[in-house]
Amino acid sequence: MKKILLIIVIAVFLVPFLGFSQKGGHEALFKEWQDSTQSVENRLHAFHEMLSIMSGPGIIDDQISSWYNELDKAIALSNENDREKYVPMFLAFKAYYTSYYLKKEERACELAEEALDLALKHQDYFTTLAMSSAILGGWVCQGSSKYRTDEILTIIENIETDLLKISQGNKELLDSDKKKALIQLIDLYYMRGMIGVKSSNYP
C-alpha cells in the first residue's frame with residue numbers, strides 16, 4: 001500500500017502540469033535530452049517533461065531505470081547553467097525511485113527533503129505539494145523528517161492562498177496560468193483527503 005500511495009503522490013502532482021503530449025512521448029523527449037546539439041534549456045526542459053510520463057501507459061521498469069541513470073547528469077547540468085528551477089522535480093523523481101526500487105528509505109527521505117527545500121525556494125508548487133504530502137503522509141521519512149507536521153501544514157496552507165490569488169487574478173494574468181492554478185488547487189484538495197486518511201494529525 002505504501003508503494004502505491006507514493007506513486008500516486010508523485011503522479012497526481014507531476015503529470016497534469018507538464019503537457020508532455022505537446023512535444024511527443026517519452027522516447028522523443030529522451031532523445032531530445034540526449035541530443036548534445038540542443039540548447040541546455042531545451043534538453044533540461046525535455047528531461048523535466050519526460051519524467052512526468054512515469055505513470056503513463058506502456059512504461060516499463062527498464063525505461064524508468066534508464067531515466068534514473070540520467071538524473072545525476074541532469075542535476076549537474078542544471079546547477080552548472082543556472083537552471084536550478086528544474087532540480088526539485090529531478091530530486092523528487094530520485095526520491096521516488098530510491099524508495100520504490102532501491103528500498104533505501106533513509107536516503108529517499110533525504111532526497112525528498114532536499115527536493116522540498118529547493119521547491120520552496122523556487123516556488124515550485126507541484127513539487128512542493130508532492131513532497132509535502134509524501135512526508136506528511138508517511139510515504140517517505142515515516143515520521144523522521146526534519147519538517148514538522150505543523151510546518152508542512154503551514155506550507156500547504158500558504159500554497160492554497162497563493163493559488164487562490166492566481167486563479168482569481170487580474171486580467172494581466174494569462175488564462176493558462178489561472179487554469180493551471182485551478183488544477184493545482186483541485187489536486188491540493190484531493191491530497192488533503194488522502195492525508196486525512198493516512199495521518200491522524202491532519203484535520
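Me: Lys-121, is that one buried or exposed?
Reply: Exposed, with a relative accessible area of 57%. Keep in mind that this is a predicted model.

Me: Which residue does Lys-121 form a salt bridge with?
Reply: Glu-84, and the closest N and O atoms are 2.8 Å apart. The pair links distant parts of the chain: Lys-121 sits in helix 7, Glu-84 in the loop between helix 5 and helix 6, and they are 37 residues apart.

Me: And how accessible is Glu-84?
Reply: Glu-84 has a relative accessible area of 22%, so that residue counts as partly exposed.

Me: How many salt bridges does the count come to?
Reply: Nine. One of them joins the side chains of Lys-85 and Glu-41, at 3.8 Å from N to O. That pair also links distant parts of the chain, with Lys-85 in the loop between helix 5 (71-80) and helix 6 (87-100) and Glu-41 in helix 3, 44 residues apart.

Me: What's the relative accessibility of Lys-85, and what about Glu-41?
Reply: Lys-85 is at 43%, which makes it partly exposed. Glu-41 is at 24% and also counts as partly exposed.

Me: Which residues are linked in a network with Lys-85?
Reply: Glu-41 and Arg-83; together with Lys-85 they make up a network of salt bridges.

Me: OK, switching to Lys-146. What does Lys-146 form a salt bridge with?
Reply: With Asp-117, where the closest N and O atoms are 2.8 Å apart. Lys-146 lies in the loop between helix 8 and helix 9 and Asp-117 in helix 7, so the pair ties together parts that are 29 residues apart in sequence. Asp-117 itself is partly exposed, at 31% relative accessibility.

Me: Now Glu-113. Where is the place of Glu-113?
Reply: In helix 7, which covers residues 105-121.

Me: Which side chain of opposite charge is nearest to Glu-113, and how far away is that?
Reply: Lys-146, at 5.1 Å. Glu-113 is buried yet has no salt bridge.

Me: What does Glu-113 touch?
Reply: Leaving out residues up to four places away in sequence, Glu-113 touches Ile-135, Cys-141, Ser-145, Lys-146 and Tyr-147.

Me: Is Trp-139 buried or exposed, and where is Trp-139 found?
Reply: Trp-139 is buried, at a relative accessible area of 0%. You'll find Trp-139 in the loop between helix 8 (125-136) and helix 9 (149-167).

Me: Zooming out, what does the secondary structure come to?
Reply: 10 helices and zero strands. Of the 203 residues, 48% count as buried. Taking contacts with a separation of 6 or more, 65% are between residues 24 or more positions apart.

Me: How do helix 2 and helix 3 cross?
Reply: Their axes come within 8 Å and cross at roughly 150°. Helix 2 and helix 3 are therefore roughly antiparallel to each other, and the crossing is left-handed.

Me: Which residues make the contact?
Reply: From helix 2 (residues 26-34), they are His-26, Leu-29, Phe-30, Glu-32, Trp-33 and Gln-34. From helix 3 (residues 40-50), they are Asn-42, Arg-43, Leu-44, Ala-46, Phe-47, Glu-49 and Met-50.

Definitions and conventions
Residues numbered from 1 in each chain as written. Predicted model: local features only at pLDDT ≥ 70, side-chain atom pairs only at ≥ 80, totals over all residues. Heavy atoms only, no water. Helix = DSSP H or I, 4+ residues; strand = E, 2+ residues; numbered from the N terminus. Buried < 20%, exposed > 50% of the residue type's maximum accessible area, 1.4 Å probe, protein only. Lys, Arg positive; Asp, Glu negative; His and termini not counted. Salt bridge = Lys/Arg side-chain N within 4 Å of Asp/Glu carboxyl O. Contact = heavy atoms within 4.5 Å. Axes fitted to C-alpha atoms, helices over the stretch in contact; angles between N-to-C directions. Parallel < 35°, antiparallel > 145°, perpendicular 65-115°, else oblique. Left-handed = near helix turned anticlockwise from the far one by under 90°.
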